[in-house]
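Please have the sequence and the 3D view open side by side. We will walk through them together, one region at a time.

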There are 2 protein chains.
Amino acid sequence: MQQPLHRFKADFFRALGHPARLVILEQLRSGEKSVHDLQLVLELDQSSVSQQLAVLRHKQMVDSRKDGTTVYYRVRDPCLFELLDVAQTIFNNHLISTQELLQQLSQETDSL
Amino acid sequence: MQQPLHRFKADFFRALGHPARLVILEQLRSGEKSVHDLQLVLELDQSSVSQQLAVLRHKQMVDSRKDGTTVYYRVRDPCLFELLDVAQTIFNNHLISTQELLQQLSQETDSL
DNA sequence: AGCAAATATTATAATATTTATATCTTTATG
DNA sequence: CATAAAGATATAAATATTATAATATTTGCT
């Protein structure tokens with residue numbers, strides 16, 4: 001079971017397992033962004049942003065391009081956005097079923 | 001940026017960030033499985049399997065059903081498999097581009 | 001060369017996760 | 001009822017991740 005493939009995949013998902021990194025990837029949907037751009041959106045210090053970008057870089061999720069002193073990041077494989085979309089669908093489904101459950105419960109409470 | 005939604009999503013991905021949990025989910029593709037079934041595949045002790053299942057349960061990724069003393073698990077939302085498929089596509093793309101890079105490098109080396 | 005801006009790296013303390021081990025529950029059966 | 005089988009939970013030690021602060025590198029400008 002300890003196949004390296006599963007370890008590799010787990011690493012991939014772990015790279016998505018941080019709010020800041022998710023925000024970064026969402027930001028990159030609309031094209032490349034500089035570290036400074038991201039820093040403004042994330043409201044984090046420069047070092048933290050750089051660190052999170054390093055994680056995404058090491059997991060090969062983003063590529064960077066240097067222009068003068070500024071570095072622009074972009075996602076490497078657009079499929080990644082597809083993945084985030086499917087995840088979003090799962091969250092929505094989950095919210096809906098939770099909502100339905102609550103509604104059901106409140107109805108049952110009403111009829112007591 | 002510290003929106004709870006992104007925290008929630010990150011938690012979701014973190015739940016996928018462990019090889020054993022990925023194997024469990026892959027196993028559940030073909031329908032529900034008992035803890036014991038999973039234990040055999042994972043080659044882990046009962047407690048570890050139960051622990052990993054607890055993580056998936058808490059993140060609402062799986063549901064369980066008890067029949068006698070055995071507990072059967074299944075994934076809650078089939079969309080999850082879709083997500084794993086997209087992830088697989090990303091890995092494949094990545095392998096292909098790595099391969100192409102290596103090929104290119106070896107060609108350049110040949111022509112020296 | 002000297003300095004400032006943009007980004008990266010490193011060190012480290014605080015937290016969180018994993019793993020291993022022991023201890024319960026629950027259910028079935030003699 | 002005693003015991004075994006299947007799972008779950010509690011907990012402590014080992015690891016890994018995150019946040020924060022300090023330091024380093026690269027580039028452009030004067």
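H4(A) provides the largest share of the surface near DNA strand C, with six residues. Helices such as this one are DSSP runs of H or I with at least four residues, strands are runs of E with at least two, and both are numbered from the N terminus. A residue is near a molecule or strand if its C-beta atom, placed from the backbone, lies within 6 Å of it. Before we go on, note that this is a predicted model, in which local features need pLDDT of at least 70, side-chain atom pairs count only at pLDDT 80 or more, and totals for chains, interfaces and linings use all residues. Residues are numbered from 1 along each chain as its sequence is written, while chains are lettered from A and ligands numbered from 1 in the order in which they are written.

Let us stay with DNA strand C, which is surrounded by 23 residues; the closest are Val35(A), His36(A), Ser47(A), Thr70(A) and Gly68(B). At least two residues each come from helix H3 (35–42), helix H4 (46–58) and strand E3 (70–75) of chain A, and from helix H4 (46–58) of chain B. By residue class, this surface has five nonpolar, 16 polar and two charged members. Here Ala, Val, Leu, Ile, Met, Phe, Trp, Tyr, Cys and Pro count as nonpolar, Asp, Glu, Lys and Arg as charged, and the others, Gly among them, as polar.

How are the two protein chains related? A rotation of 180° with 0.0 Å of shift along its axis places chain A on chain B with an RMSD of 0.1 Å. That is the relation of a two-fold axis. The superposition is by least squares on the C-alpha atoms of residues with pLDDT of at least 70 in both copies. Both copies use the same surface, as 100% of the contact residues of chain A recur in chain B.

The interface itself brings 31 residues of chain A into contact with 31 residues of chain B, where contact means that the C-beta atoms of two residues, placed from the backbone, lie within 7 Å. On the chain A side, helix H1 (4–15), helix H2 (19–27), H3 and helix H5 (79–110) each give two or more residues. The most come from H5(A), with 11 residues. That side divides into 17 nonpolar, eight polar and six charged residues.

Next, look at the sheet in chain A. Three strands form an open sheet in the order E1-E3-E2, with antiparallel pairing; strands pair if DSSP finds at least two bridges between them. At the edges are strand E1 (33–34) and strand E2 (62–67), each pairing on one side only. E1(A) and E3(A) share two bridges, and Lys33(A) stands opposite Tyr73(A).

In chain B, six bridges join the antiparallel strands E2 (62–67) and E3(B), with Asp67(B) opposite Thr70(B). E2(B) and E3(B) form a hairpin with two residues between them, and Gly68(B) in the turn has a positive phi of about 65°. Gly68(B) is also listed among the residues closest to DNA strand C.
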